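Here is a colleague's note to read beside the model. Please keep the sequence and the 3D view open while going through the points.

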Amino acid sequence: MPHKPPPRRQSVNVGRGTRKRDEDSGTEVGEGTDEWAQSKATVRPPDQLDLTDAELKEEFTRILTANNPHAPQNIVRYSFKEGTYKLIGFVDQLAVHFSQVGNLIPKDSDEGRRQHYLHELAAGSQESAKVVISETEILEEEEEPKEAEAGSQTDVPAAEAPEKMAEEESMTPKQPKERKVTNKFNFSERASQTFNNPLRDRECQMEPPPRTNFSATANQWEIYDAYIEELEKQEKTKEKEKTKTPVAKKVGKMEMRKMTSMESQSDDITKVTQAAKIVERMVNQNTYDDVAQDFKYYEDAADAYRDQEGTLLPLWKFQNDKAKRLAVTALCWNPKYNDLFAVGHGSYDFMKQSRGMLLFYSMKNPSFPEYIFSSESGILCLDVHVDHPYLVVVGHYDGNVAIYNLKKPHSQPSFRSSAKSGKHTEPVWQVKWQKDDMDHNLNFFSVSSDGRIVSWTLVKSELVHTDVIKLKVENSTTEGLEGLQIHTVGCGTAFDFHKEIDYLFLVGTEEGKIYKCSKSYSSHFLSTYDAHSMAVDAVSWNPYHTKVFMSCSSDWTVKIWDHTIQTPMFIYDLNSAVGDVAWAPYSSTVFAAVTTNGKTHVFDLSINKYEAICNQPVVAQKKNKLTHVQFNPIHPIIIVGDDRGHVTCLKLSPNLRKMPKEKKGQEVQKGPAVEIAKLDKLLNLVREVKPKT
């Protein structure tokens, strides 16, 4: 069959021919030209406004600015110079829409010229190589017929072949070796290629230093007066130097140098004291962290298996090198700060009397005392004021009483008695703060071996004394010369004031008797108790029950009394001299006692009326004697002092502070009334038994 061309190709060719003809004849006219030539009618939207010619001709100008609309306009910064916040006037208006790091190099730069030259060299070598290849191909085509003709003729000598090869090699150009170009932007010598640490910006803003405005006028008169004062001072110093001997001058100069050096040292130290104290507490908190955790959270789980026994967990041990050989003669908790307590140091060995010390320890820093005061005479007793917890009154072995103020960090007491102001002639065994007098002057009492109970009042920065009562031993009057009656003086060793009846107080003596006295009567006692056969070491009223008090003595016994009855309610023999007793603040039936054999005894009369529910040795060595004990007013801990200057803090186990159990459907009653009823119940049992016997 004959081949037919496709019809599409034919139509295309025809179109091309007609278009050529049209181009030759003139412009090509398309369809739809008539529509454009016709007049056009505008179509208005239905919601278009009808504006007048004046409104249409009105021009509205719009100004394009380079300001960033999103840039904040109300940024303020603190001005340390003026001390106020100031508005920032200049705000960065640059808005970056797109940024990309490129690697373009300008043509005019050295690097651009170098790269352009290398690029041209490479392009030229490629072109020359193409030319050589094309010439060799042409030569090969021409040589083929010649070789066929020369086959019949003489052969070409073999020596010409290597010559032709050498010529061909010389014709082809050698390509230059590419040289590595160093990058100027990130180039470093190999010898100095070390690791560069990344740079970091660190900023901090400090609190502005305190500022004060000072203004004064300096006129001629003030300048003249200042010069005159300076001249007078210089003349006075010259006169003093003239009167002094040469030896006195040297001593004076040495003292002045010492004073200036001490002042400079104290100034330097005071700047660091607060920071050093905080750091010291932080270090101790880490060092004694396990003890602090025991103090807060540990409860002896073994108490669940012991019905009527408890234990004492040793916590911190407080000691100071300066008070190593001094006995603990007094302990007292601060009424405001529950972690702070005062320790008085002295000596009970009256053949070896020396200095005394008053230390304040905090449970937050067991390693070093918070306050240190030293005295020439040993301290035997102390008491902290309830309303003013920074005031501490102490009694000394030499018969003096003194008041220390913790706000004034001087080692000397703020107020001190003297021979003129009626100090005691024997050691002061106990001191107690009392309510202020009618003129709101501070008032405290003291008892001494000289038989005097003295009321001290702080009037106009002076201690004024008033003898409340003089102790006399009953039935001990003897007739002296000319029929004079001589009374034997009673030596007071301890006393305690009633919690509710202000005028009522108890006094214990070296003879073993306890006197119930009144502030109103100075000539006779309200009643006398034949309490002990040896000296009474401590007397204490019950904090809940108004009739009950307790006493301890060196005759190994602790006795509990009802002050309306002459005989004791309970008697406990502890097989060693009892140094001190203390009631628990949380229960009317719990008390603690310490003995000279190093043991601490805790009693709870509601659990066991006959013996202690805890007998535990506290000191490691048997030679150490325990001297004093005190309960913390809030936390379940006690502090115990010994005759080596150590104070040990102990935590009471749950059995030693048992609270009444909750019964189903009944609420547990708490409060002073419950504690009074609990102790009354025990006393009634004893009162019923005594008449039968």
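The numbered points below go from the ground rules to a sheet, its strands and the core around them.

1. Ground rules. The model is predicted, so local features need pLDDT of at least 70 and side-chain atom pairs count only at pLDDT 80 or more, while totals for chains, interfaces and linings use all residues. Residues are numbered from 1 along each chain as its sequence is written, and side-chain values use heavy atoms, with hydrogens and water left out.

2. Helices (H or I, at least four residues) and strands (E, at least two) are DSSP runs, numbered from the N terminus.

3. The sheet. Four strands form an open sheet in the order β22-β23-β24-β25, with antiparallel pairing. The edge strands, each pairing on one side only, are β22 (536–541) and β25 (570–573). Neighbouring strands of this sheet are turned by 15° against each other on average, direction ignored; axes are lines fitted to C-alpha atoms, for helices over the stretch in contact, and angles run from 0 to 180 degrees between N-to-C directions.

4. The pairings. Two strands count as paired if DSSP finds at least two bridges between them. β22 and β23 (residues 548–553) share five antiparallel bridges, and S540 has M550 in β23 as its bridge partner. β23 and β24 also pair antiparallel, over five bridges, with W561 in β24 as the partner of F549. β24 and β25 pair in the antiparallel sense over four bridges; here the partner of K559 is I571 in β25.

5. The turn. The hairpin of β23 and β24 has three residues between the strands, and W556 there takes a positive phi near 80°.

6. Is β24 buried or exposed? Six of the six residues of β24 (residues 557–562) are buried, so this strand is largely enclosed by the rest of the structure. Buried means under 20% relative accessible area, exposed over 50%, and partly exposed in between (1.4 Å probe, protein chains only). In a regular strand the side chains alternate between the two faces of the sheet. In β24, T557, K559 and W561 lie on one side and V558, I560 and D562 on the other, and all are buried.

7. The core. A nonpolar core is a set of buried Ala, Val, Leu, Ile, Met, Phe, Trp, Tyr and Cys residues joined through side-chain atoms within 4.5 Å. The largest one has 22 residues, and V558, I560, F570, V581, F591 and L605 touch the most other members. Elements that give two or more residues to this core include β24, β25 and α9 (672–692); α9 gives the most, with four residues. I560 touches, among others, V548, F570, W583 and L605, not counting residues up to four places away in sequence; contact means heavy atoms within 4.5 Å.

8. Another hairpin. β8 (residues 379–384) has six of its six residues buried. Six residues join β8 to β9 in a hairpin, and β8 pairs antiparallel with β9 (residues 391–396) over five bridges. V384 has V392 in β9 as its bridge partner.

9. Cysteines. How many disulfides does the whole structure contain? The search finds zero, a disulfide being a pair of cysteine sulfur atoms within 2.5 Å. C517 is buried, with a relative accessible area of 0%, and C552 is buried at 0% as well.
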